[in-house]
Amino acid sequence: MGSAAAAMLLRSVAVLALLSMSATAAAAQNSGTATFYGGRDGSGTMGGACGYDNLYNQGYGVLNAALSQVLFNDGASCGQCYTITCDTTKSDWCKPGTSVTVTATNLCPPNYAITTNGGGWCNPPRPHFDMSQPAWEHIGIYRAGIIPVLYQRVPCTRQGGVRFTITGFNYFQLVLITNVAGSGSIRSMSVKGASTGWIAMTRNWGALWQCSSALVGEPLSFMVTSTGGQTLYMYNIAPAWWTFGMTFTSNYQFAY
């Protein structure tokens with residue numbers, strides 16, 4: 001098979017996978033609830049348990065949400081996208097005919113001092129979205145405070161390629177992966193230096209992955225698998241002169 005034909009086949013597979021994911025998401029509406037936090041401009045949602053820090057710089061903006069513990073999945077859901085609609089069959093505080101798509105960027109922690117239905121909105125097993133105020137006001141009336149919602153996971157759309165921010169110290173690399181399209185979230189990740197094979201990384205927390213290897217002074221490549229099952233080999237993303245604290249944008253992006 002020629003290279004052009006192979007490339008066309010890969011593109012076709014990616015499109016079919018994305019269409020399949022979209023169809024599955026469209027058929028899988030779930031019931032939950034939503035509140036809001038972070039102020040009218042969403043500035044209070046910066047940072048959070050996924051480790052994204054400044055959501056503007058990372059390509060996520062203010063249409064984001066903190067997930068309850070059952071949805072957060074110990075950080076494995078960081079970066080995923082959800083379309084949320086206020087359930088007009090259960091509340092008069094909805095804005096009918098509207099929906100909003102948000103990115104999971106934070107954890108809404110449980111509060112076991114209060115009951116699940118008495119204010120402990122993020123307690124297990126409740127699926128709940130603590131949305132940025134700008135996102136929440138797309139679908140709900142401000143005075144309501146909390147609304148019933150229908151939600152579904154959907155593919156993420158991002159501008160540009162996947163980004164890697166490298167922190168840590170000489171024998172410890174901590175890599176934040178951001179701006180992930182398709183599934184939006186990462187299942188597994190490995191790093192490779194010029195003098196090494198692929199070194200498996202483990203999730204440190206949220207979207208941060210770690211390994212304990214001496215890789216300073218070597219160009220870094222990454223093998224990343226999305227939760228949708230797509231694996232990308234991203235070679236020489238960081239040049240040999242990289243230093244801790246630097247961010248590198250790849251020319252690669254996930255389709256699913």
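## Exercises on disulfides, ring pairs and a cavity

Cys 211 is buried, as its relative accessible area is 5%. The exercises below concern a predicted model.

**Exercise 1.** Determine how many disulfides there are and how the bonded cysteines are paired in sequence order.

*Solution.* A disulfide is a covalent bond between the sulfur atoms of two cysteines. The count comes to 4 disulfides. With the bonded cysteines of the chain numbered in sequence order, the pairing reads 1-2, 3-8, 4-5, 6-7.

**Exercise 2.** Characterise the link of Cys 50 and Cys 78: which hand does the disulfide have, and where do its cysteines lie?

*Solution.* The sulfur atoms of Cys 50 and Cys 78 are 2.0 Å apart, and the two residues form a disulfide. The torsion about the S-S bond is about -90 degrees, so this disulfide is left-handed. Cys 50 is in the loop between β1 (30-37) and β2 (64-68), and Cys 78 is in the loop between α2 (69-72) and β3 (81-86); the link thus spans distant parts of the chain, 28 residues apart. Buried means under 20% relative accessible area. Cys 50, at 1%, is therefore buried, and Cys 78, at 4%, is buried too.

**Exercise 3.** State the hand of the link of Cys 81 and Cys 156 and the parts that the pair ties together.

*Solution.* Cys 81 is joined to Cys 156 by a disulfide, with an S to S distance of 2.1 Å. The angle about the S-S bond is 120 degrees, and the link is right-handed. Because Cys 81 lies in strand β3 and Cys 156 in the loop between β6 and β7 (163-169), the pair ties together parts 75 residues apart in sequence.

**Exercise 4.** Classify the ring pair of Phe 129 and Tyr 151.

*Solution.* The structure holds 13 aromatic pairs. In the pair of Phe 129 and Tyr 151, the ring centres are 4.9 Å apart and the planes stand at 65 degrees; planes over 60 degrees apart count as edge-to-face, so this pair is edge-to-face. Phe 129 belongs to strand β5 (residues 128-132) and Tyr 151 to strand β6 (residues 147-154), so parts 22 residues apart in sequence are tied together. Phe 129 is buried at 0% relative accessibility, and Tyr 151 is buried at 8%.

**Exercise 5.** Describe the largest cavity: what is its volume, and which residues lie nearest its centre?

*Solution.* The search finds 1 cavity of 30 Å³ or more. The largest cavity holds about 60 Å³ of space. Its lining comprises 13 residues, with Tyr 52, Cys 78, Ser 185, Ile 186 and Ala 207 nearest the centre. By type, the lining has 8 nonpolar, 4 polar and 1 charged.

Notes:
Residues numbered from 1 in each chain as written. Predicted model: local features only at pLDDT ≥ 70, side-chain atom pairs only at ≥ 80, totals over all residues. Heavy atoms only, no water. 1 Å grid on protein atoms, 1.4 Å probe; cavity = no way out; pocket = protein on both sides within 12 Å on 5 of 7 lines; lining within 4 Å. Points joined across faces, edges and corners; volume = space filled by probe spheres on them. Nonpolar A, V, L, I, M, F, W, Y, C, P; charged D, E, K, R; others polar. Phe/Tyr/Trp six-rings, centres within 6.5 Å; stacked < 30°, edge-to-face > 60°. Helix = DSSP H or I, 4+ residues; strand = E, 2+ residues; numbered from the N terminus. Buried < 20%, exposed > 50% of the residue type's maximum accessible area, 1.4 Å probe, protein only. Disulfide = S-S within 2.5 Å.
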